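Me: I am new to this structure. Could we go through it step by step?
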There are 2 protein chains.
Amino acid sequence: MNIDKDLVAAMATPLVLAILMEGSSYGYAILKRVRELSSGELEWTDGMLYPLLHRLERQGYIHAEWGASPEGRRRRYYQITDAGRAQLAEQRRQWVTATRTLGGLWGFAIPATGV
Amino acid sequence: MNIDKDLVAAMATPLVLAILMEGSSYGYAILKRVRELSSGELEWTDGMLYPLLHRLERQGYIHAEWGASPEGRRRRYYQITDAGRAQLAEQRRQWVTATRTLGGLWGFAIPATGV
DNA sequence: TCTATGTACCTTGCAGTTCTAGGTATATGA
DNA sequence: TCATATACCTAGAACTGCAAGGTACATAGA
């Protein structure tokens with residue numbers, strides 16, 4: 001399928017934050033989770049993800065610290081912060097608004113109970 | 001509210017094409033329709049819209065011709081083409097996919113019947 | 001007749017972003 | 001010892017979006 005560049009950009013931040021809501025994680029695992037969640041339709045490269053993680057950290061939405069895998073390879077674990085949770089809620093609200101607007105023209109709607 | 005830059009970019013093309021599905025229109029009117037549809041939450045400037053219209057025309061999704069308002073002012077009327085209708089359907093499909101992916105994490109879903 | 005407001009369209013330029021391409025390193029299994 | 005998977009990082013070329021600025025005319029009101 002291949003999702004449009006603009007739509008991928010719009011999804012990037014909420015997707016990473018939402019994944020970190022499931023529990024702390026690290027770059028390589030996030031990359032695999034994205035592929036899994038989108039059934040392979042989102043093909044992020046690591047070169048796209050790492051700069052995003054750095055930016056989210058700079059913005060205070062996530063917090064990072066070094067750890068290690070069971071085999072001893074270094075990993076940089078990320079967890080979502082309070083600011084990140086607030087940001088995610090805001091993005092969710094915006095996404096719903098956008099989908100409502102388009103949905104009105106397209107003939108579908110997000111159920112009110114889901115919002 | 002103020003919607004995020006990336007989300008605005010992702011909505012732009014489908015929104016314009018969907019508005020033109022309602023019937024041919026022109027720049028200034030499209031701008032007002034966008035405000036109306038989003039209940040004022042999307043504040044596009046004309047400096048954003050006109051380049052977009054030109055791009056969509058270049059891509060063959062819309063067709064333009066000069067006309068005039070009842071008062072005699074020139075207007076550039078746009079109508080959606082077959083390619084534009086196909087593109088709109090594709091974008092709709094992508095939007096639904098994206099919303100499903102995020103919706104799975106966020107706990108809402110687009111009803112299957114609406115797709 | 002002058003001014004303000006709404007209608008209507010257009011483009012340049014640069015500030016900002018993005019992601020491709022390239023790099024490092026280690027564990028495991030064949 | 002070679003290939004593959006894991007794991008992370010960055011420089012900078014390439015792109016792009018949109019704020020700002022420009023033109024023009026109709027109408028209403030002072």
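Me: How many residues surround DNA strand D, and which are the closest?
Reply: The model is predicted, with local features needing pLDDT of at least 70 and side-chain atom pairs pLDDT 80 or more, while totals for chains, interfaces and linings use all residues. Residues are numbered from 1 along each chain as its sequence is written, with chains lettered from A and ligands numbered from 1 in the order in which they are written. DNA strand D is surrounded by 23 residues, the closest being Y26(A), G27(A), Y28(A), S69(A) and G47(B); near means a C-beta atom, placed from the backbone, within 6 Å.

Me: Which helix of chain A gives the most there?
Reply: Helix 3 of chain A does, with 5 residues. Helices are DSSP runs of H or I, at least four residues, and strands are E runs of at least two, numbered from the N terminus.

Me: And which residues come nearest to DNA strand C?
Reply: G47(A), Y26(B), G27(B), Y28(B) and S69(B), out of 23 around DNA strand C. Helix 3 of chain B supplies the largest share of that surface, 5 residues.

Me: Changing topic, how many residues does the contact take from chain A and chain B?
Reply: It takes 33 residues from chain A and 32 residues from chain B, where contact means C-beta atoms, placed from the backbone, within 7 Å. On the side of chain B that touches chain A, helix 4 (82–106) of chain B is one of the elements giving two or more residues, and helix 4 gives the most, 11 residues.

Note on methods: Contact = placed C-beta atoms within 7 Å.
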